[in-house]
Amino acid sequence: MAEWFKNIPARQLICIIDCCFSGGMGAKALEVNFASREFKSGEELIKQFSGSGRVILTASKATEPAWENGKLGHGLLTYHLLEALQGANEVRKDQKIGIYRLLEYVTSSVKNSAGELGAEQNPMLLGQITEEISFPVFKPGRLYKEAFPERNISLVDASIESLLEFGFPNGIIEAWKSKIPSLNQLQVDAINDYGILTGNHLVVSAPTSSGKTMIGELAAIYGVLQRKRAVFLLPLKALVNDKLRHFDETYASFDIKTIKATGESVTDDIIPLMKGQYDICLMTYEKFAAIILANPYVLNQIGTVIVDEAQMIADKNRGLNLEFILTLLKLKRREGVEPQIIALSAVIGDLNGLERWLGGRLLLHTERPIPLNEGIIKLNGDFRYIESDTGDEITTNLIRPSFRKGSSQDIIIPLVQKLVNEGKNVIVFRETKSEAQACAMYLATNLDLQPASDAIDLLPQNDPSISTQKLIQTLNKGVAFHISDLDAKERSVIEDQFRSKHSGLKIIAATTTLAMGVNTPAEAVIISGLTHPGNIPYSVSEYKNIIGRAGRLGFADRGYSFLIATTSIAEHTYWQDYVLGTPEDMQSNFVSKNTDSRSLVLRVLAASKSKRGMSRSEIIGFLTESFGAYQEKIKYNTWNWSSRDIDDALNELTYHQLIEMDDESYFHSTTIGKIAGDSGIEVESIIRIINTLQQIPTELISDPVLLGITQLTIELQQVYMPINKKSIYKEPHTWSDAIQRQRIPSQLINAFSRYSKDNIETTSKSKKTMACLLWITDMQLVEMEALLMQHSRDNSAAGAIRAIVSRVCDVLPIVAGITEILKSDIKLTERIPKLLLRLELGVPSSIIELAKILGRTLNRGEYLELLKRGIMTTNQFSATDERILLEIFSNDKVEEIRFKIEQNIQEQSTRIEFPEIPLYKE
């Protein structure tokens, strides 16, 4: 080879070697579909014929194996080289491929691909090029196509019909055509250039309304057609429910079965999930983690995982769960389990290598499909904005302020009036739920709008909250608000009516939760305030996501965003930091000082199903595969996970009997440790539960006590409950007395105080316990709010009650599991499902028979209405006069209830009773 090299007269010469070199031909290292090709000598020879104008790129160092991938049909170096030469976006510029970009891309891609196998492969680059070399974009030729026929994929254009080439049925094509006119460039690129229909992993970062969700759907449905299952992961239950409605409307008629699992025992489709009887499953991050840790075989069923709102990996609370899931999915590849991963992210700053860590590519689009005039509006009515078509900064006097209070209200009222008069839909974002509600109230009072009658008619009629009553008032004047004090059905009505072009609802005042993925397109967005509770400013990414609601594809030709600046200082700050600001880079919290290493270790042990346990180095090895560790290695080449932190965590977990070490220094989770690891609950929460349960006598463990113990956890501590902080004596005394009347033992009351930093936290634990107990009585929600908020000026608490109850439902099974281990005389097999059902539906025990059968067919108000009329059992319902039932329900609802009752009766009658097996007798 050296002689050949010398005899080539070219000024610039590149030699790429991806083969067994210098005697390593016979050495093979196999792992799943991967094999290594070793060459351990020849480095000096390579150096001899490299030099100026001569470059040698080898697949690895002389002391490292070079890996090949049977799935790809190539060695890693060859595969990524061909990928680059065919015009990968990362190397292509002006339809040319620069040598420097090519070498950088190939080298980093090979390192990452080898890293996924738990191996090292570092391509070597020797010699130097004296000038830039550019290649044209290569196209596969006849010989390549003959050698790799499976890579001869069709290409699509903007026409949705072009998807027929991939085998999508006509019916689904028509369903898509009814929703979108054509494929946009982002979607075309995802198919043609990034291979989402050939199983490639992909991270998509694009603005709101750019069509990135459709990319996930395309990959999922294509997989379903290949008899593979798909999982969509979403951060919120509300987003799961919203997506479920969309999937059922779009795909149910094509026999594509969509199920969901969010942690609710009433509505979760756990049995079909466990049996693989589904095509698409929608889950929250937390539920997916719990499922695959407790039932790892479920991963073997899945062909595609779509992660929505992937930027949440940087979230301080939810990010750890998502990152753990993705780390586990990456490590499963070493066992031959490799579902395709499609991660969909809003536009943020630098993703810091997320796509490389996942072994995929990055499809980045920053252009909005709908132009947006973004700016700030001052108290004098001047609108300073960036004109989207030209990029010019323009200031124009847009409105005449109302000069009522010298606040943002003086701008909001005339601005909304102007926008509505122009036929625009408007969302006003406020910092808190009370501000959003008040904003809707004063807009309803000052704007002369027609009632949103359809929305009012669709709202649930029974058991309204205080906020529901106020919502009806504002809807009667054409305005709505969207806050946590409304229940899921009420929020859904507002969202659907606002989306409908035929609805009279044109204005919503909302908190920022409405901007989190819920499809509520508006032509104009107004933002008043950029500070979270605790005086924490919004990130630029949050702000950009909010204004992304303005100007949605298919709903408007242009969007408008107005950020209200009430002072000159605010004007300067908002303009420089937010309007002209760049979203923050993605940063993992996995290796943050605030992350509890004990919890990470327990989760790692839960992920390992090896009977021999895990060694200290294996635990560190798992954590080192995380995205956080990947980022640290990029910043600091010699970075390693702190052994001291892991040793401290192992020692503490051993002390608290959550793990144990065997004679061969392998660590195993104890029974309680496994419960903690599978659930993802904080270790500190587990310790508090154990310590408190050990002090309470067995005979005192009642349902109220179990609910009270959940309040000791970090998870419930993070859920907000309104407290009058100025009421030093009255409010604390009220709730202390209340829980004592519920026969809560002193050991638990003392624990409330022991695990609180001050009297406010202690009072909050008592109050939250009472909120749960009130929720499962026959008390009307309005009365419940009045009771809980008797010491505060604000009387709205429905959102807080539901949030507390929802989190309790997550934690209660863990408390119950630990209780049964520590108190072996207690059997909670029947008690806990019944208590969970009551909490999820908000019903007393007297109507549990109907609740078990009907579940969420009825809402809380409807159950209470039946209870009020003495209808608590199936027999009583069947015996009730039809006229009475029609006073409560529609005719369709009555028929649905009767059907479910009859179905239950038939199931009970067909259940086989097996005779008892007699004992052997001499």
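Residues are numbered from 1 along each chain as its sequence is written. In this predicted model local features need pLDDT of at least 70, side-chain atom pairs count only at pLDDT 80 or more, and totals for chains, interfaces and linings use all residues, while side-chain values use heavy atoms, with hydrogens and water left out.

User: How many salt bridges does the structure hold?

Analyst: Side chains of opposite charge can pair when their charged atoms come close. A salt bridge is counted when a side-chain nitrogen of Lys or Arg is within 4 Å of a carboxyl oxygen of Asp or Glu. The number of salt bridges in the structure is 38.

User: Which helix holds both E174 and K177, whose side chains meet in a salt bridge?

Analyst: The N to O distance between E174 and K177 is 3.7 Å. E174 is partly exposed at 46% relative accessibility, and K177 is partly exposed at 33%; buried means under 20% relative accessible area, exposed over 50%, and partly exposed in between (1.4 Å probe, protein chains only). Helices (H or I, at least four residues) and strands (E, at least two) are DSSP runs, numbered from the N terminus. The two residues are three apart, about one helical turn, in helix α6.

User: How many residues apart in sequence are the parts tied together by E625 and R334?

Analyst: E625 and R334 form a salt bridge with their closest N and O atoms 3.3 Å apart. E625 lies in the loop between α23 (616-624) and α24 (627-635) and R334 in the loop between α13 (319-332) and β16 (340-345), so the pair ties together parts whose separation in sequence is 291 residues.

User: Which backbone nitrogen does the side chain of N184 reach?

Analyst: N184 lies in the loop between α6 (170-177) and α7 (185-192). With a relative accessible area of 19%, N184 is buried. At 3.2 Å, its side chain reaches the backbone nitrogen of L186.

User: Where is E542 placed?

Analyst: E542 counts as partly exposed, at 33% relative accessibility. Its place is in residues 540-547, helix α20.

Key:
Polar contact = N/O pair within 3.5 Å; in protein donor to acceptor, adjacent residues only side chain to side chain.
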